[in-house]
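I opened the model to look up a few local features. The entries below follow the order in which I checked them.

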Amino acid sequence: MMRHVLTALLYTVLTVAAAAAEPTFTAKPTARKAGDTVTIAFAVSTPTDVEVAVVDANGAVVRHLAAGALGEGDKIAPPQPLKPGLSQELAWDGKDDLGKPVDGAAKVRVRLGTQAKFGKVLFAEPGLGWSPRAARVGPDGLLYVLSEHAQTKSTFLLQAYSRDGKYVKTIMPYPADLPADRLKGLPRVKLADGRWLPAIGMSAFRDLYPESTGLRPQSMPITSKGRILLVNPTRTHNSGQRLAQHVLIVDTDGGTPTESYLGPITNAERRVAGLCWLAVSPDEKLIYSAGQQKESGYGEDLSTPVQHVVYRFGWDDKDAPKPFIGELYKAGADETHFNQPRGLDTDAEGRLYVCDYGNNRVAIFDREGKWAGKIAIDAPDQVAVDRKTGAVYVLTYKIPAGVNP
């Protein structure tokens, strides 16, 4: 829970008392306007975390100014624009996250003592041989977890759990009693007596799904209609042909809601490796992908260059997509280039948020792919946008030196 909340009007400061044991303001927040700049200053009593944001009349965040842990001296260096120490002063240019002026009864909000409370550890049974690779809450409120076998690194499960971690159902492999018309997108064999049996594509891994051996960590979006989007790794066919990376589509019961389990191709090149992250537009007509690298080995450059682009494509597209934003294999820091784009998401207005890892920013684009603004943050890896409130959540991750993302 939020332990202490103080809202500072641009010209008036409102205070809320805090309990004695909790962090308090030794210098209450002030907001002084000079020209187009508002200077926000405050000081806290003890090391704690802090969030500074601008909210509109409805309480929705329109500008994420700063967030991080404050400490004594240089012991803890919070992310910019916060500075080491318990006293802070930062400037706001009067604009929202998209660089547009904020009009109306905007407020500067300073919060202290926000923290996560431990609930419970899920899936930690002794001897459990499965490692989670993705987790997403579906429209039915269930938690869908994609797991990879820790030893084979190839066999996988997709299962659903209740909020408290109780098993509900298995989605992949699909249930034996699922009607035939729900499995039209998967290879199966019909016996002489009329029964159907699944066709195993990779016998060594007991794989019932084509081109799905070795699913990697991914975002796994789930649409409002219960379509689950996965991404397969690329691999070489027995013929020597390199198979393309596809979006894989199943529903929350394990069926295939489209004619083929293999959906659209995720990128412009077949020879890719590494991670791929997906997002869906708010109207669920378009899919975005990012994060691919050129494949290493097989006589190619072992540096595995990153593609540095974001793709956009439709559910029924058959051809490999062209880059939607960015320039293939060319990094940059301007408003049309990326440097190692990773996780991405969309908001209620259709804007696209991209974790531009190498540029220490979450880059924001409108529906047409035009630059709309940025959120400065060190090493953003994954992003999620609450379409009801507009809140933006960012997971940061420092990649060790010498390791490809």
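I began with Ser281, which is buried because its relative accessible area is 6%; buried means under 20%, exposed over 50% and partly exposed in between, with a 1.4 Å probe and protein chains only. The model is a predicted one, so I kept to its limits: local features need pLDDT of at least 70, side-chain atom pairs count only at pLDDT 80 or more, and totals for chains, interfaces and linings use all residues. Residues are numbered from 1 along each chain as its sequence is written, and side-chain values use heavy atoms, with hydrogens and water left out.

Ser281 sits in the loop between β18 (277–280) and β19 (286–290). I took strands (E, at least two residues) and helices (H or I, at least four) as DSSP runs, numbered from the N terminus. The side chain of Ser281 makes a polar contact of 2.6 Å with that of Asp283. Such a contact is a pair of N or O atoms within 3.5 Å; within protein, one must be able to donate a hydrogen and the other to accept it, and residues adjacent in sequence count only if both atoms are side-chain atoms. With neighbours within four places in sequence set aside, I found Ser281 in contact (heavy atoms within 4.5 Å) with Leu286, Tyr288, Thr346 and Arg387.

Next I looked up Ser45, in the loop between β3 (37–44) and β4 (48–55). Ser45 counts as partly exposed, at 34% relative accessibility. Not counting residues up to four places away in sequence, Ser45 touches Pro23, Thr24, Thr26 and Leu86. Thr26 is 19 residues from Ser45 in sequence, and the C-alpha atoms are 5.5 Å apart.

Then the whole chain. I found zero helices and 28 strands. Of 405 residues, 45% count as buried. Among contacts between residues at least 6 apart in sequence, 46% join residues at least 24 apart.

I turned to the nonpolar cores, each a set of buried Ala, Val, Leu, Ile, Met, Phe, Trp, Tyr and Cys residues joined through side-chain atoms within 4.5 Å. The largest has 23 residues, and Tyr144, Leu158 and Met172 touch the most other members. Two or more residues come from each of β9 (143–149), β10 (156–161), β11, β14 and β15 (246–251). β10 gives the most, with three residues. Leaving aside neighbours within four places in sequence, the contacts of Leu158 include Tyr144, Met172, Met220 and Val250. Another core, of 20 residues, lies apart from this one, and Phe25, Ile40, Ala66 and Leu86 are among its members.

Last, the aromatic rings. Rings of Phe, Tyr and Trp (its six-membered ring) pair if their centres lie within 6.5 Å; planes under 30 degrees apart count as stacked, over 60 as edge-to-face and the rest as tilted. By this rule I have eight aromatic pairs. Tyr174 and Tyr209 are edge-to-face because their ring centres are 6.2 Å apart and their planes at 85 degrees. This pair links distant parts of the chain, 35 residues apart: Tyr174 lies in the loop between β11 (167–172) and β12 (188–190), Tyr209 in the loop between β13 (196–198) and β14 (227–231). Tyr174 is buried at 12%, as is Tyr209 at 3%.
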